[in-house]
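Subject: Handover of a structure and the findings on it

Dear colleague,

Please find below the structure that I am handing over to you. My findings follow directly after it.

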Amino acid sequence: MSYRLLVFDWDGTIIDSAATIAECIQRAAGELALPVPTRERASHVIGLGLHDALRGAVPELTAERYPEFVARYRAHFFARQDDMTLFGGMRELIQDLAAKKTLAIATGKSRRGLDRHLAATGLAPYFSASRCADETRPKPHPAMLLELMQELQVPRERALMIGDTSHDLEMARGAGVDAVAVTYGAHPAESLRDCGPLGCFPDVGSLSQWLSQNG
């Protein structure tokens with residue numbers, strides 16, 4: 001199958017941010033005297049919209065305290081965002097793919113957050129479209145992929161989702177789109193394999209090799 005559209009997740013797939021996000025959730029919970037989630041639990045919600053992610057990581061978080069929690073989480077995240085870097089080889093892979101394919105992003109980040117990261121990394125020119133959790137139904141609902149395929153006029157059989165969480169893979173399944181997973185991000189390899197991706201890759205190099213042979 002030759003794919004025309006490659007849709008990337010952002011956190012944990014393109015940029016090495018999953019551990020930082022989980023730690024920021026933990027710190028915010030501790031500061032508000034809420035039960036601090038385990039690293040596994042905090043990592044599992046990465047990729048969801050912010051509201052779903054925080055409530056999933058800290059079920060005891062009430063609606064009244066949600067704004068305060070978000071403020072604490074964002075303060076920690078913004079303080080560390082300049083330390084987040086692209087995974088090794090990712091810039092080169094995206095540059096190479098953009099010369100041959102249409103690239104897009106489907107992310108649980110906000111539009112403001114994604115735009116800030118795209119500008120900081122210099123990757124914005126390589127992506128033709130993107131969808132964020134505050135613009136449409138968040139993952140694992142298939143809306144992001146369905147909207148991207150419609151906007152870019154690509155049929156589902158010519159699209160491929162690339163992500164690091166079960167949320168990405170479930171979104172792809174709901175949209176009827178093929179998917180592959182990277183195991184260096186937020187979710188462990190076993191849970192990703194349970195979602196039935198075409199492949200699971202431990203590093204950018206192996207993902208690049210598969211795409212050159214199958215993409």
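Which helices each supply at least two residues of the lining of the largest pocket? In this predicted model, they are helix H1 (18–31), helix H3 (50–57), helix H4 (66–80) and helix H6 (111–121).

The largest pocket holds about 490 Å³ of space. Its lining consists of 25 residues, and those that lie nearest the centre are Leu50, Tyr73, Gly108, Lys109 and Ser110. Sorted by class, the lining of the largest pocket comprises 12 nonpolar, 7 polar and 6 charged residues.

The second largest pocket contains about 150 Å³ of space. Which element gives the most to the lining of this second largest pocket? That element is H6, with 4 residues. The residues that line the second largest pocket include Ile15, Gln81, Asp82, Arg91, Arg116 and His117; Met84, Thr85, Leu86, Ala120 and Thr121 also belong to this lining. By class, the lining of the second largest pocket has 4 nonpolar, 4 polar and 3 charged residues.

I turn now to the fold. The protein chain has 10 helices and 6 strands. Its radius of gyration is 17 Å, close to the 17 Å that the globule rule gives for 215 residues, so the chain is as compact as a globular protein of that length. Taken along the principal axes, the box that the C-alpha atoms fill is roughly 50 × 30 × 30 Å.

In what order do the strands of the sheet lie? The sheet is open, has 6 strands and runs in the order E3-E2-E1-E4-E5-E6, with parallel pairing. Strand E3 (129–131) and strand E6 (200–201) are the edge strands, each of which pairs on one side only. Within the sheet, strand E1 (residues 5–8) pairs with strand E2 (residues 102–106) in the parallel sense, over 4 bridges. Leu6 has Leu103 in E2 as its bridge partner. Helix H7 (residues 143–152) packs on the sheet, where H7 touches E1, E2, E3 and strand E4 (159–163). The direction of H7 makes about 160° with that of E3.

The phi of Ala33 is near 60°, which is a positive value in a residue other than glycine.

With kind regards

Note on methods. Residues numbered from 1 in each chain as written. Predicted model: local features only at pLDDT ≥ 70, side-chain atom pairs only at ≥ 80, totals over all residues. Heavy atoms only, no water. 1 Å grid on protein atoms, 1.4 Å probe; cavity = no way out; pocket = protein on both sides within 12 Å on 5 of 7 lines; lining within 4 Å. Points joined across faces, edges and corners; volume = space filled by probe spheres on them. Nonpolar A, V, L, I, M, F, W, Y, C, P; charged D, E, K, R; others polar. Pairing = 2+ DSSP bridges. Contact = heavy atoms within 4.5 Å. Axes fitted to C-alpha atoms, helices over the stretch in contact; angles between N-to-C directions. Rg over C-alpha atoms; globule rule 2.2 N^0.38 Å.
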